Amino acid sequence: MMSQMGTYFIVFLFSGLLLAAGLDPEVTQERAANVTGLLNLLMMGYDKRLRPGIGGPPLVVKADVEIRSMGPISEKDMIYSMDCYFRQVWTDSRLSFNRTEQQVSNVSLNVKMLERIWHPDTIFINGGHSYLHTITAPNKFFRLNHDGSILYSQRLTIKASCPMHLEKFPMDTQKCPLHIASFAYSTEDVVYQWRFGEKRAVVASRDMRLSQFDLTGMPAASSTACFKGTTHSVLTVYFDFRRHTGYFLIQVYVPCCLLVALSWVSFWINREATSDRITLGSTTMLTMTYLALDSRDNLPRVTYSTALDIYVLMCFFFVFATIVQFAAVHHFTKYGTAEPLERPAGQDTDTDEEDSLESEELGLAAAALDNGVGRFGTVRAKKFEPTCPRSLSAALSCLLATRRARLNKRVRNALGLNSVSKIDRAARVMFPASFIVLNILYWIAYIA
């Protein structure tokens, strides 16, 4: 008894809700019965194996694409993916009905109804592993209008191949196509057209963002192609991508420049410090090798060199040239062959004070050589007797210890322990200047 009362209460409540919404329960049931009868009537004698209008002009299928998100885009596999709504519209006169008699103008149906009618066998010619979203139910939409026109919408994730040209990588632009066509029907049976014209064939969500690219354009076109001896109608849309270079500036270009600049530090290291300069050169060389190999990990094994390869190779050459430069310095370095200590004949001296200081310094250098300090080589010098300063300025220099600093420097130069190679002096200017010039030419060539 209580259960019957509960059932009556639910029916009464549901009827009250329908009345509150302006719907009469009897009218709603009648309309549902009319739609059910309509569908049963339409399916009587319907053969889904035959396309609409068979034997007549080709059926026109109109399509459009709405992109929700795009990516990732893989240079290594040369594919791109996108999440989109793919819609198709066609007219099947066998499914038309009188909307006045049936009191409905269009009907939204379950996707299982799609299995009972004819629908286009549309494929993506350059598509890869694409799939239909099925969570929590198959993401399909099916609507039938009174004139027999059918709207069929699906949510798809499409992966398509994109032949990329990477000569200017990472300052490159790519044009990735998407080709849409019928798998079995030729142009005699099915013709594809863009639903809203070529200018609005594909639209993208306003909040869509790509990590490494900018989507600069989506030009569309329609054409025909020959498959196995038959001509098929093909819709094509091109996605124009322009790559961001910020990631590669941070990860490759800036580290390469810093390594090249670090290798130049050896030009200021004493040429007698062989182990220090070799260690610095070897470290920078190994690091450049690692960067060169790491920059190729995400790229396909193409037979040509990219812009990034050329830049890394240029930096590698400068680091290698630094080691070669030190080899030349070491080869031409002779211990104890610093600048001659005696003045060439005929050269004038500036002041008597300088003569006195040089005489005293050379005396100390000769004494050091006599004690075995200069065992690595010989110094061409004359032995002078130290003399006292002859002027007030020379005496002041002695008091300020300037003379001692000059003395130590000249003594070390006389012993060949602190001399600077002319090759090092030239490299300090030539290496940075040439690297800056090549950088300017490089960026002008690839950005312009």
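Q: What makes the nonpolar surface patch of about 370 Å²?
A: Leu249, Ile250, Val254 and Leu258 make this patch. Patches of this kind consist of residues with over 30% relative accessible area and no salt bridge, nonpolar side chains being joined within 5 Å. The model is predicted: local features need pLDDT of at least 70, side-chain atom pairs count only at pLDDT 80 or more, and totals for chains, interfaces and linings use all residues. Residues are numbered from 1 along each chain as its sequence is written, and side-chain values use heavy atoms, with hydrogens and water left out.

Q: Why is leucine 258 called exposed?
A: Exposed means over 50% relative accessible area, buried under 20%, and partly exposed in between (1.4 Å probe, protein chains only). Leucine 258 has a relative accessible area of 58%, and is therefore exposed.

Q: Why is the pair of phenylalanine 318 and phenylalanine 431 called edge-to-face?
A: Among the 20 aromatic pairs found in the whole structure, this one has ring centres 6.3 Å apart and planes at 75 degrees, so the pair is edge-to-face. Rings of Phe, Tyr and Trp (its six-membered ring) pair if their centres lie within 6.5 Å; planes over 60 degrees apart count as edge-to-face, under 30 as stacked and the rest as tilted.

Q: Why does phenylalanine 318 count as buried?
A: Phenylalanine 318 counts as buried because its relative accessibility is 4%. Phenylalanine 431 likewise counts as buried, at 14%.

Q: Which residues form one aromatic cluster with Phe318 and Phe431?
A: Trp264, Phe267, Phe317 and Phe435 belong to this cluster with them.

Methods: Patch = residues over 30% accessible without salt bridge, like charges linked within 9 Å, V, L, I, M, F, W, Y side chains within 5 Å. Areas by Shrake-Rupley, 256 points an atom, 1.4 Å probe, with all protein chains shown as cover. Salt bridge = Lys/Arg side-chain N within 4 Å of Asp/Glu carboxyl O.
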